[in-house]
Amino acid sequence: MDLRDDDPDVALLRVLDDEGVADPSRDPGLSADTLRRAYRELCRLRLLDARMTSLQRQGRISFYGSCEGQEAVPIATGLALQNGTQPDWVFPALREQSIMLVRGFPLRAFVAQLFGNEGDVLKGRQMPSHHSGRAVHQVSWSSCIGPQLPQAVGAAWAMRARKTSAAAVAFLGDGATSQGDFHAAMNFAGLWKVPCVLVCQNNHWSISVPTERQTASRTLAVKARAYGVPGVRVDGNDLLAVFKVVSEGLSRARSGGGATFIEAVTYRMGPHSTSDDPTRYRSKAEVEAWARKDPLDRLRKHLVHLGLVTEASDDALRRELAAEIAAAVDYVERLPAPGRASLFADVYAEMPWHLREQLESLKKIDAPPT
Ligand SMILES: Cc1ncc(C[n+]2csc(CCOP(=O)(O)OP(=O)(O)O)c2C)c(N)n1
């Protein structure tokens with residue numbers, strides 16, 4: 001298919017060029033502190049993904065979904081969200097758990113979710129890498145492809161009905177745009193002009209199926225047009241560009257303008273998950289070509305131009321982050337499994353009599369001998 005850059009349906013919004021130089025007419029003008037923070041979060045996520053993948057390989061955790069190569073999308077979105085008394089809510093897919101960290105979720109609790117032990121706020125009940133946290137306004141993901149989209153649109157509708165200034169942000173992969181739930185969500189979002197931003201990470205692969213083999217659509221962004229929702233394509237490896245389009249989508253949502261669909265064009269550098277071997281279905285040359293478009297390198301070059309990062313400060317940052325992650329793993333791995341009595345929590349607002357009885361007898365069995 002001929003995808004020409006000067007075609008408005010195809011053109012990618014970029015702020016940073018390959019050398020990390022910002023186009024002043026599009027630069028969202030982030031402060032030096034925010035740029036440093038963005039870079040720090042990108043680096044932390046890259047190191048975290050590598051460390052968690054190696055824990056899985058060693059048999060210490062059972063599953064992990066890395067977002068290596070795609071980090072700019074969740075980190076930029078996390079920085080663009082509204083917090084405070086009317087927070088935006090995030091409805092993630094597999095590769096956006098790091099938004100919770102950007103919004104202040106503790107790293108230890110994040111790692112504990114992967115071990116499913118006592119430090120896990122979900123009490124070990126969810127699959128690893130399916131994080132959620134009420135305190136950071138991020139809902140759980142079911143593992144099915146697509147249901148988070150109508151859920152996000154419904155939540156956005158409720159936000160509008162309650163006259164809050166909050167918005168819902170939903171994530172999906174390219175493959176999810178071929179699911180029925182995507183179309184149901186987009187139809188509702190367009191018709192009811194709900195305050196929702198749908199961010200599609202087009203990472204070129206749905207496990208082993210390349211995008212051109214799962215849709216005949218020229219791009220994913222054009223799919224939005226049929227539903228009366230503006231669709232925009234952005235370079236997903238350009239943190240400033242993603243920040244700009246997500247912020248604009250959120251402003252639109254808050255001002256009653258309705259939903260926005262964003263196609264963030266990026267690449268999944270690693271396997272689909274730790275249960276996958278991508279060397280079976282894609283070429284080394286393709287992966288190497290995308291490695292040259294790395295989102296961390298691009299932002300680092302930008303920060304070097306601005307004098308905000310030096311080689312020495314970069315080395316120090318990476319050492320500090322690696323130590324932070326190592327300390328979290330060390331602490332979390334020693335925690336015990338959730339207590340058996342935790343099985344009874346969070347199920348009924350008022351526990352029925354037969355479960356109360358079972359809980360009492362379990363407590364007697366589990367009580368230490370006197
Ligand atoms: C309804 C449904 N069908 C199939 C699957 C199996 N499955 C898991 S991930 C995946 C591909 C998802 O690809 P994409 O939406 O592009 O997201 P990515 O994983 O690339 O981020 C599939 C088909 C599933 N989980 N749910």
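Reader: At about what angle does helix α5 (residues 148-161) run to strand β2 (168-173)?

Author: This is a predicted model, in which local features need pLDDT of at least 70 and side-chain atom pairs count only at pLDDT 80 or more, while totals for chains, interfaces and linings use all residues. Residues are numbered from 1 along each chain as its sequence is written. Helices (H or I, at least four residues) and strands (E, at least two) are DSSP runs numbered from the N terminus; axes are lines fitted to C-alpha atoms, for helices over the stretch in contact (C-beta atoms, placed from the backbone, within 7 Å), and angles run from 0 to 180 degrees between N-to-C directions. Helix α5 lies across β1, β2 and β3, and its angle to β2 is about 170°.

Reader: Which strands stand at the edges of the open sheet of five strands?

Author: The strand order is β1-β2-β3-β7-β6, with parallel pairing (two strands pair if DSSP finds at least two bridges between them). Two strands each have a single partner, so one side of each is left without a neighbour in the sheet; these are β1 (89-91) and β6 (231-235).

Reader: Which residue in β7 does Cys 200 stand opposite?

Author: Strands β3 (residues 196-202) and β7 (residues 260-265) run parallel and are joined by six bridges. In β7, the residue opposite Cys 200 is Glu 263.

Reader: How many residues of helix α2 (residues 72-80) are buried?

Author: The buried residues of α2 include Ala 72, Ile 75 and Leu 79. Helix α2 is mostly covered, and of its nine residues the number buried is nine.

Reader: Is Arg 334 buried or exposed?

Author: Arg 334 is found in the loop between α10 (311-333) and α11 (353-366). Because Arg 334 has 10 other C-beta atoms within 10 Å, the residue is exposed.

Reader: How far apart are the C-alpha atoms of Arg 334 and Met 269?

Author: Along the chain, Arg 334 and Met 269 are 65 residues apart. Their C-alpha atoms are separated by 31 Å.

Note on methods: Buried ≥ 20, exposed ≤ 12 C-beta atoms within 10 Å, placed from the backbone. Contact = placed C-beta atoms within 7 Å.
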